[in-house]
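Hi,

Here is the structure I promised to pass on. Please have a look, then read my notes below.

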Amino acid sequence: MKRLLSLMLVVLMIMALVVGCSNDADQKGEATGKVDTKQDESKEDTKEEAKDPVELTFSIWDNNQKEGMEAVAAAFTEQNPHVTVKVEVTPWNEYWTKLEASAVGNSMPDIFWMHTNEFFKYATNKKLMPIEDDMIDQSKFSQGLVDLFTYEGTLYGVPKDFDTIAIFYNKELFDAAGEAYPDDTWDWDKLVEVAQALTDVENGIYGLGAPYQSQNGFYPFIYQNGGTVITEDGKSGYALPETQEAVQFYFDMIHKYKVSPTLEYFAENGTNDTFTSGKLAMFITGSWKMKSFSQNEIIADKFDVAVLAKGKERASISNGLTFSGANDTEHPEEVRAFLEFAATEEAHIIQGKSGAAIPAYENTQSYWVELFPDYNVNVFVEMLDYSVPFPTTPSKPKWGEVESSTLKAFGTGELAAEDAFPYLAEEMDKILEKE
């Protein structure tokens, strides 16, 4: 009997032990479950951190902005450790040839700058990644800039910066001639008067440069004179007397007033070099030149900027760039993430502080302005109020070529006004009608 009781006691102890273990197991099971979940999460985290590294290529054309773009890229990588962005600079004259070749070969850089001159060609050929509504807050950018890069209701690129055009002048040459610096009282007559006073051909010094340039050349004069490049009904503006008068006035700086070197001279010597070498008292160009000129030891302490002289009305030309993504990139997720970051206030502040360009994000322009305390750079921001968006249409690459060849011939004197303008207007209309 005793033996039986002992066996029963052993059995009960074993059962109790099993139940206890089972309870422990259940309790530990919950705990274990949590631990396992954490382990799973940890594994997921590890998996997230262990994403395969991705290197995106980012193509730009301005070496002066490389440092700023690399700073934006570095900030993006901090938030996306598995993605690095390699910034590559190709000079403007080669940039578009290279980009077009890569587009044809389906080997475009993952990210690149896009300009209004070329935008429609790439948008209509579906080479640009669309910016979907949930990617960025478009209200943080000027509607004019958004419109410049919108095709058939879709934005193709994140607004990067904007620019306006101003007078860059050499204070040393003004002081030597006893002339007051340009200001907002100047009109076209005053511009010519002072340019003539500053011109000293014997010593190779000219008062005002009139190279072949559209945005930072004759375009502002066209709109100051009440003309236009493209009419509201989509035709060439070069048939309008106001447009013709403005272009004539611009190139009169060379042939009539003789205050500017010829187009041939600029083609050989370059406008920027002519200005920085002290051979040009004034020329008009954009805010994108501030960083390079302010860091140029030869010209840095000799120049300043002023608003453009007014004609019948005030006008400057505004333009801008986008951060664009390749539509056929092998890394759409990472490119999309970069474009989303590029649209943030943080990215634009970084860009503004680098001095690269006037950032497009609302209320971040002051970061760029503060970098140039010795210059009157506020004029670039102020002129935005009356600036005209850079004129463009889907067929700009085609009519732009006709415009360039015709007006260069007019600027050199090879074509007379009565031949140049009717021809240009007719040829542009033929192209525009096909849009």
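T392 counts as buried, because its relative accessibility is 18% and the cut-off for buried is under 20%. Keep in mind that this is a predicted model.

T392 sits in the loop that runs between strand 12 (387–389) and helix 17 (396–412). A polar atom of the T392 side chain lies 3.5 Å from the backbone oxygen of T116. T116 is also among the contacts of T392, together with F120, L148 and W399; neighbours within four places in sequence are left aside here.

Next, the other end of helix 17. L415 is in the loop between helix 17 and helix 18 (417–433). Is L415 buried or partly exposed? L415 has 27% relative accessibility, so it counts as partly exposed. Not counting residues up to four places away in sequence, L415 touches T406, A409, F410 and A420.

Then a helix pair. Two packed helices are described by the angle between their axes and the distance between the axes. For helix 7 (residues 188–198) and helix 9 (residues 241–255), the axes come within 11 Å and cross at roughly 10°. Angles under 35 degrees count as roughly parallel, and helix 7 and helix 9 are therefore roughly parallel to each other. The crossing of helix 7 past helix 9 is left-handed.

Which residues meet there? Helix 7 brings W188, L191 and V192, and helix 9 brings A246, F249 and M253. By type, the residues of this contact are six nonpolar, with no polar and no charged ones.

Best wishes

Conventions:
Residues numbered from 1 in each chain as written. Predicted model: local features only at pLDDT ≥ 70, side-chain atom pairs only at ≥ 80, totals over all residues. Heavy atoms only, no water. Axes fitted to C-alpha atoms, helices over the stretch in contact; angles between N-to-C directions. Helix = DSSP H or I, 4+ residues; strand = E, 2+ residues; numbered from the N terminus. Parallel < 35°, antiparallel > 145°, perpendicular 65-115°, else oblique. Left-handed = near helix turned anticlockwise from the far one by under 90°. Contact = heavy atoms within 4.5 Å. Nonpolar A, V, L, I, M, F, W, Y, C, P; charged D, E, K, R; others polar. Buried < 20%, exposed > 50% of the residue type's maximum accessible area, 1.4 Å probe, protein only. Polar contact = N/O pair within 3.5 Å; in protein donor to acceptor, adjacent residues only side chain to side chain.
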